[in-house]
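Trainee: I should like to work through this model by question and answer, with the reasoning set out each time.

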Amino acid sequence: MLLTVENLHTFYGQIEALKGIDVEVAEGEIVTLIGANGAGKSTTLKTISGQLAPREGKIVFAGEEIQGMSAHQVAAKRIVHVPEGRRIFPRMTVEENLEMGAFLRNDAEGIAADKEMVFELFPRLKERRQQKGGTLSGGEQQMLAMARGLMAKPKLLMLDEPSMGLAPVVVETIFETIERLHQEGITILLVEQNAAMALSVADRGYVLETGRIALTGTGKELLTNEQVRKTYLGEV
Amino acid sequence: MHFNIADVPQQLVNGLTLGGMYALIALGYTLVYGILLMINFAHSEMFMAGAYFGLLWLNILSKQSFFTGSAVGLVLLYGVSIVLSAIMTGILGVLIERFAYRPLRHAPRLAPLISAIGVSLFLQNAVLLWVSSRSIPFPVKFPVYQYTLARDGSGSLAFTVLGASDKIVDKLGQGAHAIVQFSTLQIMIIVVTLVLLFVLDTFVSRTKLGKAMRATAQDRDTAGLMGVDINRIIAITFFIGPAMGAVAGIFSGMYYGNIKYNMGFIPGIKSFTAAVLGGIGNLRGAMLGGFVLGMAEALASGFISTAYKDVIAFVILILVLIFRPGGLLGESVVEKV
Ligand SMILES: Nc1ncnc2c1ncn2[C@@H]1O[C@H](COP(=O)(O)OP(=O)(O)OP(=O)(O)O)[C@@H](O)[C@H]1O
Ligand SMILES: [Mg+2]
């Protein structure tokens, strides 16, 4: 396993947001985490990426325990977290945002090549390379957030609700990109409200309910699971 | 009022000198605010501490004949004293952040503010107790000249350099009068300030570390996800601001000829005003605000009354807060959340 999360408990003050979570991601997989608002999806990603410290549990990445490390130390393991709400740097240009993604790298040529690679992936960004991040449209910001994540050469790419608030066409583009990255061998942990889309691209999925894993299975199994269809795919 | 248009050039030169000092201090307020959203009330004491550290090094180094024997030695004497004082004050700033602010980082916003006031009082009283309660002369050991643009006796433009005891009429004839004069000190202050501001601006906008500082100011958590060590960035910020403030403190000592334990208070408030005037959190804004405030103050004291010179800063502060709360260079980018 590339990533093994075991019995993870995370608190916000007195509130226990994660009540013992187990998640596994194998190299090359797309794994999705679905669940209702407030289920603890973002909290899970934040705990893995070191933005939150768990009170209990283990996070093992590539054979090394990383729970409790700070965010910049986790980033150095090439675990890349593209946060909910995109969180691009508003007063930096598109290009500077991409450079921030490559902050921990020192290979100037590799960085330049990857910049071309993400511009090829998202041609829109190339046209807007000198524009300030804060002036981009929501869809463009999401592309930039993903592109910035890719600039770090992720071993594990964690995406938190990349489709949130975007028009259906843009959501298509984003998911096409996710599949393409998957084909290129990048391991992805995808958090989504859009369960149908997420399960259709994922190898495996976990359903999170109020801080616990309620269900797990392959993408197909979950897509056909009656419980999931009722609760998360809006079927009666 | 005794407005005289002929005095304007000289007031502007004085304002530029004063403004440079304000700019150097103001950027410390703005950098810290940009990253921690905190007003570092102890920053005015960095200006004061810098002046005292500067004096300490001047006294130590003056004992070496190398530093007093030649013109080059004298330049080095002040240069080295300024650099050492800036480093010591920078370290003081880092220590203050580490022990007085960092433990309160997740406390309510008022807590670090009160801690800052405590640090400020502590530092002032430490100097008062252990150094002196009086003002101490601050030596300028090199000759100061007045570089003078003037009209000579016949009324045509002339340029001359006046030593401390030279009279303009002796050099340029009866009826000669100065249009504008730059003293050696003013030139030094203005040039060094501009160089420092340029270097800092380039550092922040071009280098990797500078970009990390800006990213941290714009979104601290996300900068962390990029691999930026936030505590390191905060420490660097708390080094740069006080180091620059220290340079201003030494300049102030040289310019006014003395230093005192409470010398930071008024320039601190004025520089804070300059930072707000430029748009707090905005580095170029703080620089611009410093110069605008220095000019405004010099013109006001020249044309209204010197008694009003301290009031002008507060009038400007109030006007800015009412009419342009974002400051002159306040953020124009619409941010989408
Ligand atoms: N900063 C915080 N302080 C206190 N409680 C929080 C905080 N952030 C999240 N929570 C709580 O923790 C629980 C899990 O939140 P989390 O953000 O992980 O949910 P989520 O599954 O990502 O939801 P969404 O789909 O709305 O993004 C929620 O009950 C939420 O109210
Ligand atoms: Mg969430």
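Predicted model: local features only at pLDDT ≥ 70, side-chain atom pairs only at ≥ 80, totals over all residues.

Trainee: Is E161(A) buried or exposed?
Mentor: A residue counts as buried if 20 or more other C-beta atoms lie within 10 Å of its own. E161(A) has 22 C-beta neighbours inside 10 Å, so E161(A) is buried.

Trainee: What is the phi of E161(A)?
Mentor: Most residues other than glycine have a negative phi. E161(A) is a residue other than glycine with a positive phi, near 50 degrees.

Trainee: Where does R86(A) lie, and what is its phi?
Mentor: R86(A) belongs to the loop between β6 (79–82) and α3 of chain A. R86(A) is buried, as 25 other C-beta atoms lie within 10 Å. Its phi is positive although the residue is not glycine, with a value near 70 degrees.

Trainee: Which helix gives the most to the side of chain A that touches chain B?
Mentor: The contact draws 25 residues from chain A and 19 residues from chain B. On the side of chain A, at least two residues each come from α2 (71–75), α3 (94–101) and α6 (138–150). With four residues, the element that gives the most is α3(A).

Trainee: Why is α1(B) described as largely enclosed by the rest of the structure?
Mentor: The helix has 29 residues, which at 1.5 Å a residue should span 42 Å; the end C-alpha atoms of α1(B) are 40 Å apart, in agreement. Just after α1(B), L37(B) takes a positive phi of about 50 degrees. The helix is largely enclosed because the number of its 29 residues that are buried is 22.

Trainee: Which residues does L27(B) touch, beyond those up to four places away in sequence?
Mentor: L27(B) has its place in helix α1 of chain B. L27(B) is buried, with 33 other C-beta atoms within 10 Å. Leaving aside residues up to four places away in sequence, L27(B) touches L200(B), G241(B), M244(B), L283(B), A286(B) and M287(B).

Trainee: What radius of gyration does chain B have?
Mentor: Along its principal axes, the C-alpha trace of chain B spans about 70 × 50 × 40 Å. For 337 residues, a compact globule would have a radius of gyration near 20 Å, and chain B agrees with this at 21 Å.

Trainee: What distance separates the centres of the two domains of chain B?
Mentor: Chain B is divided into domain 1 (8–140 + 185–323) and domain 2 (146–181). Taken over C-alpha atoms, the centres of domain 1 of chain B and domain 2 of chain B are separated by 35 Å.

Notes:
Residues numbered from 1 in each chain as written. Chains lettered and ligands numbered in written order. Domains from an automatic or database assignment. Rg over C-alpha atoms; globule rule 2.2 N^0.38 Å. Expected span 1.5 Å × (residues − 1). Buried ≥ 20, exposed ≤ 12 C-beta atoms within 10 Å, placed from the backbone. Contact = placed C-beta atoms within 7 Å.
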